[in-house]
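Subject: Structure for you to look at

Hello,

Here is the structure I said I would pass on. My notes on it follow below.

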Amino acid sequence: MSTKSIYFLGVSFLLGMFTLGYFLTKSVSLYKQYDRSVTVKGLSQKEFKADIVLWPIKFVTLDSDLVKLNNRVDEYTNLILDFLEKNGIKKDEITIQSPSITDKLENDYSNKNFQYRYVANRVINIYSKDVDKIRENISKLTSLINKGIVFRFNDYDTRVEYIFTKLNEVKPQMIEESTKKAREVAIKFAKDSNSKLGKIKKARQGQFSISNRDKNTPYIKKVRVVSTIEYYLSD
């Protein structure tokens, strides 16, 4: 091989190594650029009025005569139904459960020195979309106490329940808002770090949560969602 050929091969080799080195350096630079990222969170939180209410009305009565007890249960049931009808609650919103009757003599652990042998409980359930109307009537129900009806307000099955069923209607708006807020945080971070905000690298949509605004206003629901988004950063 001639000296000129050897020289040419040597120059070619050096040029090849230089080119390879350049592209490797460029690749590393691009890799580092795309490897830089920031993860931010965006919160969307709104309050909505419940659109469904479940109102269980429970009363209790006692007697030692089973026939008289059943008659009184029917009497009190009719008084409550009349009250509901007069206050604008429709029949298709009302469900009447069968009475639950306890015989104290059948309870081996009860005190035998009781005045009344039988205890009857009945629950009348109201399912309504008119939350305001039901809330107004809940406060009026105590007027029936003057008729001799004893209501159970603190039992586990007598709690008024308010439900928000329109989550699917508000989801798109809230997701958009949480995403927008996350981007605003990312832009500020990029600006503070002398970087440019790139494309989204990864996004995670949090679960929606629904809770009461507070213990005094359970008919107002707080809906909340957090979006977690990771953005690329570049110089």
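The buried residues of helix α4 are L167, V170, M174, S178, A182, A186 and A190; buried means under 20% relative accessible area, exposed over 50% and partly exposed in between, with a 1.4 Å probe and protein chains only. An α-helix has 3.6 residues a turn, so residues three or four places apart point the same way. What these buried residues of α4 pack against is β1 (37-49), β8 (196-205), β9 (209-212) and β10 (220-234), where a contact is heavy atoms within 4.5 Å. Helices (H or I, at least four residues) and strands (E, at least two) are DSSP runs, numbered from the N terminus.

This is a predicted model, in which local features need pLDDT of at least 70 and side-chain atom pairs count only at pLDDT 80 or more, while totals for chains, interfaces and linings use all residues. Residues are numbered from 1 along each chain as its sequence is written, and side-chain values use heavy atoms, with hydrogens and water left out.

The length of α4 (residues 167-192) agrees with expectation, because its 26 residues should span 38 Å at 1.5 Å a residue and its end C-alpha atoms are 37 Å apart; the expected span is 1.5 Å times one less than the number of residues. After α4 comes N194, with a positive phi near 55 degrees.

L197 has L233 of β10 as its bridge partner.

The largest nonpolar core has 26 residues, and W55, I57, I80, L84, I126 and F151 have the most contacts inside it. Such a core is a set of buried Ala, Val, Leu, Ile, Met, Phe, Trp, Tyr and Cys residues joined through side-chain atoms within 4.5 Å. At least two residues each come from β2 (52-63), α2 (66-86), β5 (118-128) and α3 (131-140), and α2 gives the most, with six. Beyond its neighbours within four places in sequence, F151 touches I57, K58, F59, I80, L141, L144 and I145.

On confidence, pLDDT (the predictor's confidence in each residue, from 0 to 100) averages 85, and 82% of the residues score at least 70. Over residues 6-33 it stays under 50. Where pLDDT is low, the predicted coordinates should not be read in detail.

Regards

Methods:
Two strands pair if DSSP finds at least two bridges between them.
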